[in-house]
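Please look over the model below before reading on.

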Amino acid sequence: MNKPVKVVWGIATVMPLMMTFLGIVCFFAFFITKFPELTKNATPPPDFPKEMFVGIFLFYGLILAGVALGFLIVISYFIHMVRTDRLNKDQRTMWAVLFVIFRTLAMTVYWFIHVWPEEEAAAGETAQPVRRKRKD
């Protein structure tokens, strides 16, 4: 895996957490900006339902997109964990449990420990076993 792909994967690892946080911020920002307007007038302004729909859509849309992206990222880490030769059976079990319990934190630590330092194969080279001649 080349460096740009690793960087994008690392950024995508923390994106679900950032999208959820941004969705919550949008939700509270919407109500903080609209609450003084609603307390002044007994009736809401005519464009309030449209603005409310946009605020709620941003809130739920960002959270749902974060959940979907998080699901895909977890799957990608499980695939990497199964395919890598650097982990034995016990380590794979440990990382699988950590992914399920701690999700983003565990995936970030795994990325720094196992994905980022992976050595890249040179272009056109494949790993071939070394064969020695037998002495008869």
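1. Helices (H or I, at least four residues) and strands (E, at least two) are DSSP runs, numbered from the N terminus. On that basis the chain has four helices and zero strands, and its pattern along the sequence reads α-α-α-α.

2. The model is predicted: local features need pLDDT of at least 70, side-chain atom pairs count only at pLDDT 80 or more, and totals for chains, interfaces and linings use all residues. Residues are numbered from 1 along each chain as its sequence is written, and side-chain values use heavy atoms, with hydrogens and water left out.

3. Of the 136 residues in the chain, 26% are buried (under 20% relative accessible area; exposed is over 50%, partly exposed in between; 1.4 Å probe, protein chains only). The accessible surface of the chain is about 10300 Å², and carbon and sulfur atoms hold 70% of that (Shrake-Rupley method, 1.4 Å probe; for residues, only the protein chains shown count as cover). Among contacts (heavy atoms within 4.5 Å) with a separation of 6 or more, 67% join residues 24 or more positions apart.

4. Which residues of H4 are buried? They are Thr104, Ala106, Met107, Tyr110, Trp111, His114 and Val115. These lie on the same side of H4, because they cover an arc of only 155° around the axis (taken from the directions from the helix axis to the C-beta atoms). Leu105 and Phe112 are exposed, on the face of H4 turned away from the buried side.

5. Threonine 13 belongs to helix H1 (residues 3-40). Threonine 13 counts as buried because its relative accessible area is 2%. A polar atom of its side chain lies 2.7 Å from the backbone oxygen of tryptophan 9. Beyond its neighbours within four places in sequence, threonine 13 has contacts with Ile73, Tyr77, Thr104, Met107 and Thr108.

6. A nonpolar patch on the surface consists of Val97, Val100, Ile101, Phe102, Leu105, Val109, Phe112 and Ile113, with about 790 Å² of accessible area together. Patch members have over 30% relative accessible area and no salt bridge; like charges are joined within 9 Å, nonpolar side chains (Val, Leu, Ile, Met, Phe, Trp, Tyr) within 5 Å. A salt bridge is a side-chain nitrogen of Lys or Arg within 4 Å of a carboxyl oxygen of Asp or Glu. Helix H3 (89-102) and helix H4 (104-115) each supply at least two residues of the patch.

7. Valine 97, one of the patch residues, sits in helix H3. Its relative accessible area is 45%, so valine 97 is classed as partly exposed.

Notes:
Polar contact = N/O pair within 3.5 Å; in protein donor to acceptor, adjacent residues only side chain to side chain.
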